Amino acid sequence: MSSYRKELEKYRDIDEDEILRSLSPEELEQLDAELQEMDPENMLLPAGLRQRDQTKKSPTGPLDREALMQHLERQALETKERDDLVPFTGEKKGKPFIQPKREIPAAEQITLEPELEEALAKATDAEMCDIAAILGMYTLMSNKQYYDAICSGEICNTEGISSVVQPDKYKPVPDEPPNPTDIEETLRRVQSNDQGLEEVNLNNMQDIAAPIITELCQAMKRNTYVRRFSLVATRSGDPVANAIAEMLRENRSLQSLNIESNFISSTGLMAVLKAVRENSTLTELRVDNQRHWPGDAVEMEMAAMLEHCPSIVRFGYHFTQQGPRARAARAVTHNNELRRQQKKT
């Protein structure tokens, strides 16, 4: 094997482009033919290497795109439109289909008493729906009509009998109101360590610039009153994740951190997870639903972080691999059990 490897070493630094430039046109053509004969059905090869070149015409000159576009436009204008073989006149041919009336045989005809005949003749569509529901003829109406007639106890559905299932009409649900948080006021209160501010909620505020969030994270390093920090759907990326990681290494009052639904990559998540290991006060961390899947290495780091951080009792992430999912579940269960025992003592 050693001699074979030494034999291959001399081919490692060969310049293939230099060899191809030194070949004559006849040798290139022969090489092309041999490549085609090697594996003509290999779909991984380019089309020029899977099909023999059958054109021998020499090029007429360099490509002039403007001249080509003018030629195609002139050719399209000069070409006459094709005349329809049968011009459309809008005339409808044939007779419209009319459903034939089916005569009920005498043996199948039902004769009712005159009082019932008169009552049914004067019944409205809503009353017919209730009668059909009472008789169990649910195929003549939609599910909503049937259950309205059975459960309401009174005539309330006036749609009439119809075997066509109609969708229920739902009331439009208005959009959620925008986040009313004042960024500048919140930043000022965090910097001044306002004891009345215990939660910073910037959810769904997608127009926040990354430097402002970074400045807010810098102020959170020295804040001792904020307990919950949420940045859901703020289009935050790795710069914000790095700022959060620096904040977690120094902050000792934050208990809940939510950075779900953002654009943080595996590098940013890894920085946050490593910083959580140095924080002993954080009890809840949510990092799910990022723009890209972070990868197996990040999921393994999440499980290892939960095993080494007994303070984390709630962790928000949907694992894709069974191994880190089981490790994380055992770690969270163990951390909650430790918290329960500490409360008892």
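**View 1. Arginine 314 and glutamate 284 form a salt bridge between their side chains, with N and O 3.7 Å apart.** A salt bridge here is a side-chain nitrogen of Lys or Arg within 4 Å of a carboxyl oxygen of Asp or Glu. The pair links distant parts of the chain, 30 residues apart: arginine 314 is in strand E5 (residues 314-316) and glutamate 284 in strand E4. Helices (H or I, at least four residues) and strands (E, at least two) are DSSP runs, numbered from the N terminus. Arginine 314 is partly exposed at 42% relative accessibility, whereas glutamate 284 is buried at 14%. Buried means under 20% relative accessible area, exposed over 50%, and partly exposed in between (1.4 Å probe, protein chains only). Glu284 and Arg314 also belong to a network of salt bridges that includes Arg286.

The model is predicted: local features need pLDDT of at least 70 and side-chain atom pairs count only at pLDDT 80 or more, while totals for chains, interfaces and linings use all residues. Residues are numbered from 1 along each chain as its sequence is written, and side-chain values use heavy atoms, with hydrogens and water left out.

**View 2. Glutamate 301 and arginine 277 form a salt bridge, with the closest N and O atoms 3.4 Å apart.** Glutamate 301 lies in helix H13 (residues 296-308), and arginine 277 in the loop between helix H12 (266-276) and strand E4 (284-286). These distant parts of the chain are 24 residues apart. Glutamate 301 is buried, with a relative accessible area of 15%, while arginine 277 is partly exposed at 36%.

**View 3. Glutamate 307 and arginine 327 form a salt bridge, with the closest N and O atoms 2.8 Å apart.** Glutamate 307 is in helix H13 and arginine 327 in helix H14 (residues 322-344), so the pair ties together parts 20 residues apart in sequence. Glutamate 307 is partly exposed, with a relative accessible area of 39%, and arginine 327 is also partly exposed, at 22%. In the whole structure, a search finds eleven salt bridges.

**View 4. Helix H9 (residues 183-191) has Thr186, Leu187 and Val190 buried.** They cover an arc of only 100° around the axis, which puts them on the same side of H9; the arc is that of the directions from the helix axis to the C-beta atoms. The buried residues of H9 pack against strand E1 (199-201) and helix H10 (210-220), where a contact means heavy atoms within 4.5 Å. At the start of H9, a side-chain oxygen of aspartate 182 comes within 3.4 Å of the backbone nitrogen of glutamate 184. Asparagine 193, which follows H9, has a positive phi near 55°.

**View 5. Ile110, Leu112, Leu116, Leu120 and Ile131 make a nonpolar surface patch of about 440 Å².** Patches are made of residues with over 30% relative accessible area and no salt bridge; like charges are joined within 9 Å, and nonpolar side chains (Val, Leu, Ile, Met, Phe, Trp, Tyr) within 5 Å. Accessible areas come from the Shrake-Rupley method with a 1.4 Å probe, and for residues only the protein chains shown count as cover. Leucine 120 is in helix H6 (residues 114-122) and is partly exposed, with a relative accessible area of 38%.

Conventions:
A polar contact is a pair of N or O atoms within 3.5 Å; within protein, one must be able to donate a hydrogen and the other to accept it, and residues adjacent in sequence count only if both atoms are side-chain atoms.
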